[in-house]
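Hi there,

Here is the structure I promised to pass on to you. Please open it alongside this message, and my notes follow below.

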Amino acid sequence: MPNSRPRPRRGARSGAGAVGRDRLVSRSLQSAEHCLSAQDFGTAYAHYLLVLSLAPELKDDVKETFQYTLFRWAEELDALNRTQDLLGCYEQALELFPDDEVICNSMGEHLFRMGFRDEAAGYFHKAVKLNPDFNDAKENFYRVANWLVERWHFIMLNDTKRNTIYNAAIQDAVCLGSKSVLDIGAGTGILRVSLVVTETVDAGLFGEGIVESLIHAWEHLLLQPKTRGENGNCEKYGKVIPASAVLYGMAVECAEIRRHHRVCTKDVAGICLPTNVKFQSPACSSVDTEETVEPYTTEKMSRVPGGYLALTECFEIMTVDFNNLQELKSLATKKCGKIGIPVIKEGILDAIVVWFVLQLDDEHSLSTSPSEETCWEQAVYPVHDLADYWIKSGDQVMMEVSCQDCYLRIQNISVFSSEHEMDVGKDFSKDKDLFSLGSEAELCSALANLQTSKPDAMEQTCILESTEIALLNNSLYHESFKMAMRKVLSSLTPEKLCQAMDTHCQNNEMSCGSGQSNSEESIPEPFYVLDVSEGFSILPIIAGTLGQVKPYSSVEKDQHRITLDLISEANHFPKETLEFWLRHVEDESAVLQRPKSDKLWSIIILDVIEPSGLIQQEIMEKAAISRCLLQSGGKIFPQYVLMFGLLVESQTLVEESAVQGTERTLGLNIAPFINQFQVPIRVFLDLSSLPCIPLSKPVELLRLDLMTPYLNTSNREVKVHICKSGQVTAIPFWYHMYLDDEIRLDTSSEASHWKQAAVVLDNPIQVEMGEELVLSVQHHKSNVSITVKQ
């Protein structure tokens with residue numbers, strides 16, 4: 001907060017009025033300063049409003065202090081949920097300082113937190129226009145732009161085939177007499193019409209509500225459909241483009257899908273995962289769950305890392321006629337259909353992949369098949385709950401298909417073995433009826449083959465995000481942390497730790513189940529380990545195996561805490577060994593605190609990189625607090641991070657980041673409007689499968705040191721040697737996270753749960769082999785910008 005108090009300037013006018021005004025302004029400035037020192041920000045704000053209304057010539061003098069007062073008062077109003085007052089204060093401030101980028105940006109931040117993303121984007125965009133070098137506003141605008149305009153909009157508008165075929169179908173319908181046209185999904189329709197055009201379809205066809213929209217359109221907007229055999233002018237009857245769709249599926253083996261949706265290990269760095277804990281990704285959740293979630297995930301199967309293996313031929317799932325109102329109405333109520341598909345190739349059954357063919361009219365169609373170059377991804381239904389996922393030629397993959405809750409659902413996937421035709425032992429599903437087997441004898445035979453066992457004392461289903469499941473499957477990650485933690489704890493008190501570890505090992509071998517030594521009086525003071533990783537983490541339990549350690553977890557969800565308790569119990573830790581730190585603090589912002597008076601942390605584990613491939617927000621601020629809370633010799637993990645990047649030529653990244661010209665959009669000049677929301681950073685990339693040509697070798701771009709911050713630099717120039725001629729269109733980047741000088745994790749590795757990101761250049765740069773390009777790398781707070789120095 002500035003300390004200098006501006007002196008009121010005398011205007012050209014004189015007399016008692018001017019003198020009185022100056023006195024009031026001076027007293028108000030003094031009162032404002034007094035209120036600020038007492039942290040009475042609301043009253044201070046009111047005084048500054050009075051000063052600026054009486055003496056607008058003081059704007060430049062008090063601007064910085066006024067901003068500080070506004071922001072502190074806004075924080076208080078936000079904490080009190082006084083939303084209208086908060087917005088009113090910002091509106092007053094912007095009337096006084098309409099071109100202040102800092103106030104615009106702060107207003108946008110509050111609006112974004114309240115859920116007003118459209119309005120927030122407007123303020124962020126204005127702040128960037130006012131000051132293009134304002135990094136905070138740029139980062140905020142990029143983040144909100146990702147919310148408002150998802151990247152598939154650019155891909156879709158660049159899909160020439162899609163645009164051309166839709167255009168041809170519409171032109172034909174208009175030529176046949178359809179004069180009144182309604183586009184569902186791009187606006188509001190208020191007239192009755194002869195033609196409806198829609199593309200409200202997602203990877204699973206129904207997920208954007210096309211069925212519900214068309215039922216409403218046929219009942220309230222469209223003319224009656226053409227009766228069978230009727231010819232004549234299209235203006236007399238209603239019609240929908242697309243006319244129909246056929247859904248197709250295929251069973252596949254895919255290691256990338258498997259590691260993100262199925263926990264494939266029973267032991268994580270020595271920690272046993274108990275059988276009474278069932279991990280599932282959201283895409284595997286049942287229709288009976290409280291929250292309605294998409295029953296599938298999506299993948300561009302032609303670019304999935306490691307590829308995939310087709311285990312069955314493609315098969316037809318269902319056909320939908322969008323010009324038949326009764327058929328559309330019956331979809332949601334129709335009973336589950338049962339499908340059996342023969343296996344043609346042996347492998348691991350990981351997922352059912354689904355795509356569709358849109359029949360726009362009699363002549364024009366679009367396919368979203370994995371073999372087609374299209375803007376659509378495919379819907380992926382991960383397979384779970386099988387006793388054995390290995391299938392072979394001659395087996396039958398069975399499934400139930402329905403359209404519940406506006407989604408295509410594929411459930412109760414099971415396998416009928418070719419060796420035991422009626423063996424349903426591969427299906428662990430405990431709900432739903434058995435498939436119809438044809439006769440009572442066959443049913444009895446199938447029931448005899450069911451494996452029965454006593455239920456576990458307590459079963460827990462734990463829903464994890466796909467990145468959390470991939471992390472749980474990453475053995476190198478957990479072994480690395482275990483090794484690094486052991487080294488730190490050994491360096492603190494080697495003899496005490498070795499003795500405690502020996503005692504713990506003996507207790508585990510004897511399976512005493514208590515986890516306590518014979519003499520509690522001899523137990524030394526424990527080491528304190530705090531894990532503030534984002535999401536589900538078993539690192540605190542791993543820390544608990546390393547001797548006299550008191551681990552703290554910062555997981556938030558109750559189901560995750562219950563799961564960690566069950567894992568602790570299964571590994572013979574006393575229930576009180578693991579503490580959940582958020583139960584000990586009043587709010588999440590206070591998570592980095594001392595565990596108890598006069599005790600400091602031995603290890604603090606921070607999440608430095610988001611799964612998307614970006615640096616976590618405010619990570620350096622968290623690291624600064626963490627350093628103050630470490631005992632002598634204690635460490636932050638990771639201790640430092642190196643950021644690497646390379647130059648590539650990738651037309652794919654260009655087309656996924658901005659609309660290209662007018663040719664792809666049928667001559668319409670859409671690009672200038674939607675490209676206002678283009679974001680130069682592409683996230684959630686898989687570099688291993690990204691279509692690109694490397695033009696340089698990887699180079700170190702940045703060092704983030706969490707333990708010794710004086711080694712960090714905010715600005716750096718990096719020379720990159722060109723090893724192949726071409727056009728530089730993007731700079732992908734990733735990280736090496738060093739737990740210490742010897743143990744590191746690579747966020748671009750095959751087993752990584754992290755994805756990679758890339759800076760996409762506004763204009764390609766032609767380079768020749770042997771040249772050098774200079775990159776300017778700037779690091780401000782948690783934001784990193786990379787530009788090519790011309």
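Which strand is Ser553 found in? Ser553 belongs to strand β21, residues 549–553. (Helices, H or I with at least four residues, and strands, E with at least two, are DSSP runs numbered from the N terminus.)

Before the rest, a word on the source: this is a predicted model, in which local features need pLDDT of at least 70 and side-chain atom pairs count only at pLDDT 80 or more, while totals for chains, interfaces and linings use all residues. Residues are numbered from 1 along each chain as its sequence is written, and side-chain values use heavy atoms, with hydrogens and water left out.

Back to Ser553: it counts as buried, at 1% relative accessibility (buried is under 20% relative accessible area, exposed over 50%, partly exposed in between, with a 1.4 Å probe and protein chains only). A polar atom of the Ser553 side chain lies 3.3 Å from the backbone nitrogen of Val555.

Next, the aromatic rings. Rings of Phe, Tyr and Trp (its six-membered ring) pair if their centres lie within 6.5 Å; planes under 30 degrees apart are stacked, over 60 edge-to-face and the rest tilted. By this rule there are 16 aromatic pairs. One of them is Phe356 with Trp376, an edge-to-face pair at 5.9 Å centre to centre with 70 degrees between the planes. Phe356 lies in strand β13 (351–359) and Trp376 in the loop between β14 (365–367) and β15 (378–382), so the pair ties together parts that are 20 residues apart in sequence. Phe356 is buried, with a relative accessible area of 0%, and Trp376 is buried as well, at 7%. Elsewhere, Tyr477, Phe481, Phe637 and Trp754 form one aromatic cluster.

Two arginines also involve rings. The charged end of Arg262 sits over the ring of Tyr389, 3.6 Å from its centre, and that of Arg703 sits over the ring of Tyr640, at 4.1 Å. (For this, NZ of Lys or CZ of Arg must be within 6 Å of the ring centre and within 35 degrees of the ring normal.)

Finally, a sheet. Three strands form an open sheet in the order β11-β17-β18, with antiparallel pairing (two strands pair if DSSP finds at least two bridges between them). β11 (337–342) and β18 (409–416) stand at the edges with a single partner strand each, so one side of each is left without a neighbour in the sheet. Six bridges join β11 to β17 (residues 396–402), and Lys338 has Glu400 in β17 as its bridge partner.

Best wishes

How values were computed
A polar contact is a pair of N or O atoms within 3.5 Å; within protein, one must be able to donate a hydrogen and the other to accept it, and residues adjacent in sequence count only if both atoms are side-chain atoms.
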